[in-house]
Amino acid sequence: MDKQMKKGVLDLCVLSVLSEEDCYGYQLVEKISAAIEISEGTIYPLLKRLQKEGLLASYIRESSEGPARKYYKLTPEGITKCKRLRKKWFEFYNGVNKLLGRGNGDE
């Protein structure tokens, strides 16, 4: 996927995953990477920015598999932002698909 396209949807991807469950950074990378390729180096600055914007909160949770982990969760503002971005995404997605037709992009 084009780097600029990916950058434009990563906020939505992170917020969307966190709307389902609290996650630590590497766990987010794994979940998002199952759909689109990203690296740890991409996710941590994004998490820091979203937290600074008040969309995420963090807490430390002990782990049975090693050191304690920093988990992220949505704040009420993050929940609202996620809902708004999802709505805008599907409007955009549907509009682009109308322009592209029903082809699968292999043409």
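Some ground rules come before the details. Residues are numbered from 1 along each chain as its sequence is written, and side-chain values use heavy atoms, leaving out hydrogens and water. Since this is a predicted model, local features need pLDDT of at least 70 and side-chain atom pairs count only at pLDDT 80 or more, while totals for chains, interfaces and linings use all residues.

**Overall layout**

The protein chain has four helices and three strands; these are DSSP runs numbered from the N terminus, with helices being H or I of at least four residues and strands E of at least two. Reading from the N terminus, the order is α-β-α-α-β-β-α. Along the principal axes, the C-alpha atoms of the protein chain fill a box of roughly 50 × 30 × 20 Å.

**How H1 packs**

Helix H1 covers residues 3-20, and here is how its axis sits against two other helices. Axes are lines fitted to C-alpha atoms, for helices over the stretch in contact, and angles run from 0 to 180 degrees between N-to-C directions.

| Helix pair | Axes come within | Crossing angle |
|---|---|---|
| H1 and H2 (residues 25-33) | 10 Å | roughly 110 degrees |
| H1 and H3 (residues 40-52) | 11 Å | roughly 75 degrees |

The angle puts H1 roughly perpendicular to H3, and H1 and H2 are therefore roughly perpendicular to each other too. (The cut-offs: under 35 degrees is roughly parallel, over 145 roughly antiparallel, 65 to 115 roughly perpendicular, and the rest oblique.)

Which residues of H1 meet H2? Leu10, Cys13, Val14, Val17 and Leu18 in H1 touch Leu28, Lys31 and Ile32 in H2, contact meaning heavy atoms within 4.5 Å. That set splits into seven nonpolar, no polar and one charged. For the classes, Ala, Val, Leu, Ile, Met, Phe, Trp, Tyr, Cys and Pro are nonpolar, Asp, Glu, Lys and Arg charged, and the others, Gly among them, polar.

On the H3 side, Leu10, Asp11, Val14 and Leu15 in H1 meet Thr42, Ile43, Leu46, Leu47, Arg49 and Leu50 in H3. Here the count is seven nonpolar, one polar and two charged.

H1 also lies across E1, E2 and E3, running at about 105 degrees to E3.

**The sheet**

Three strands make an open sheet ordered E1-E3-E2, with antiparallel pairing. E1 (23-24) and E2 (56-63) are the edge strands, each pairing on one side only. Two strands pair if DSSP finds at least two bridges between them.

E2 and E3 (residues 66-74) run antiparallel and are joined by seven bridges. Along this pair, Ala57 faces Lys73 in E3 and Ser63 faces Gly66 in E3. A hairpin of two residues connects E2 to E3. E1 and E3 pair antiparallel over two bridges, and Cys23 has Tyr72 in E3 as its bridge partner.

A pocket, on a 1 Å grid over the protein atoms alone, is an open set of points where a 1.4 Å probe fits, with protein on both sides within 12 Å along at least five of seven lines; lining residues have an atom within 4 Å of a point.

What lines the second largest pocket? Lys3, Gln4, Lys6, Lys7, Leu10, Glu37, Ile38, Ser39 and Thr42 do. H1 gives the largest share of that lining, five residues. By class, the lining has two nonpolar, three polar and four charged residues.
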